[in-house]
Amino acid sequence: MKKYFYITAIALPIVTGSGWAQETTIQPTDQAPAEQTEGETPDAGMAGRAPAAGDMATESAPAEGMAAESADSETTVPPSDAVVPQQDSAEMLGDWLLSTSVTSPDGETIGSIKDFIITEDGQITAVILGVGGFLGIGEKDIAVDYSQLDIQYDGNAIQLAMTREEADAAPEYQYRDKETPPPATGDAMGATGTDMNSETGMTGGEAGTMGAAPTE
């Protein structure tokens, strides 16, 4: 009888412990994932809608316009008739002749070229020579016929069939005053003032209102 009691007392904690372990086992959750509605796309709001045909046409319009502008800019513009493409072999630059010394047939220096006399149709009729004086003091300007100049080596050597004494005795060239455009008339000035006022968009009353200090 005692042996049976001991065996029962020893076995009871073992059976009880096993049952307690089974009762304390973590049960799986009963919550099932939310059911997906038929036909619904997951995260439809975040993915965004597909672009409509009208939107795609609107986005492509600026690109097509830029491509057309680029093609127009690459179009070669024909040159104007007023453009001279290059210098001819018989042509010289005025800068080549300016300040160049003009000598007599004997190699004596007469003076240096200071300017040109040009007609309205672009023909050079004469050149201005500064002759006489010393270091620019007492110098005078005379004009000589351009066709009388023997220009060699693109202006590096210029001769004139004249002696220095003849150049000193020549009359001083008389310049005329440069023509200026007529001044603007009163009507034109008034119209300009009116346009300026209209562009500012301010009348005298508005200007006075803006200039007044706010009263408290």
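Okay, let's start at Ser 99, which sits in the loop between helix H4, residues 94-97, and strand S1. Keep in mind as we go that this is a predicted model. Ser 99 isn't a glycine, and yet its phi is positive, about 70°. Is Ser 99 buried or exposed? With a relative accessibility of 63%, Ser 99 counts as exposed, because the cut-off for that is over 50%.

There's another residue like that further along. Tyr 153 is in the loop between strand S5, residues 149-152, and S6. Here too we have a residue other than glycine with a positive phi, near 55°. Tyr 153 also counts as exposed, at 66% relative accessibility.

Now let me step back to the whole chain. How many helices and strands are there? The chain has seven helices and six strands. If you read from the N terminus, the order goes α-α-α-α-β-β-β-β-β-β-α-α-α. So how much of the chain is buried? Of its 216 residues, 12% count as buried. The accessible surface comes to about 18400 Å², and carbon and sulfur atoms hold 57% of that. As for contacts, take those with a separation of 6 or more: 39% of them are between residues 24 or more positions apart.

Okay, on to the inside. The largest nonpolar core has 16 residues, and the ones with the most contacts inside this core are Ile 113, Leu 129, Val 144 and Leu 160. Which elements give two or more residues to this core? They're strands: S2 at 109-118, S3 at 124-131, S4 at 140-145 and S6 at 157-160.

Let's pick out Val 144 from that group. Leaving out residues up to four places away in sequence, Val 144 touches Thr 125, Ala 126, Val 127, Leu 129, Leu 149, Leu 160 and Met 162.

Next up is Val 102, in strand S1. Val 102 counts as buried because its relative accessibility is 0%, and buried means under 20%. So what is around Val 102? Setting aside neighbours within four places in sequence, Val 102 is in contact with Glu 108, Thr 109, Ile 110, Gly 111, Ser 112 and Ile 113, and also with Leu 129, Leu 149, Ile 158, Gln 159 and Leu 160. Take Ile 113 as one example: this residue is 11 residues away from Val 102 along the chain, and their C-alpha atoms are separated by 7.2 Å.

Now move along to Ser 104, in the loop between strand S1, residues 101-103, and S2. Beyond residues up to four places away in sequence, Ser 104 touches Ile 110, Gln 159, Leu 160, Met 162 and Thr 163.

Last stop, the pockets. Rolling a probe the size of a water molecule over the atoms shows where there's empty space left. The largest pocket holds about 260 Å³ of space. Which residues line this pocket? One stretch is Ile 117, Ile 118, Thr 119 and Glu 120, and the other is Tyr 173, Gln 174, Tyr 175, Arg 176, Asp 177, Lys 178 and Glu 179. By type, the lining has four nonpolar residues, two polar and five charged.

Key. Residues numbered from 1 in each chain as written. Predicted model: local features only at pLDDT ≥ 70, side-chain atom pairs only at ≥ 80, totals over all residues. Heavy atoms only, no water. 1 Å grid on protein atoms, 1.4 Å probe; cavity = no way out; pocket = protein on both sides within 12 Å on 5 of 7 lines; lining within 4 Å. Points joined across faces, edges and corners; volume = space filled by probe spheres on them. Nonpolar A, V, L, I, M, F, W, Y, C, P; charged D, E, K, R; others polar. Helix = DSSP H or I, 4+ residues; strand = E, 2+ residues; numbered from the N terminus. Buried < 20%, exposed > 50% of the residue type's maximum accessible area, 1.4 Å probe, protein only. Contact = heavy atoms within 4.5 Å. Areas by Shrake-Rupley, 256 points an atom, 1.4 Å probe, with all protein chains shown as cover. Core = buried A, V, L, I, M, F, W, Y, C linked by side-chain atoms within 4.5 Å.
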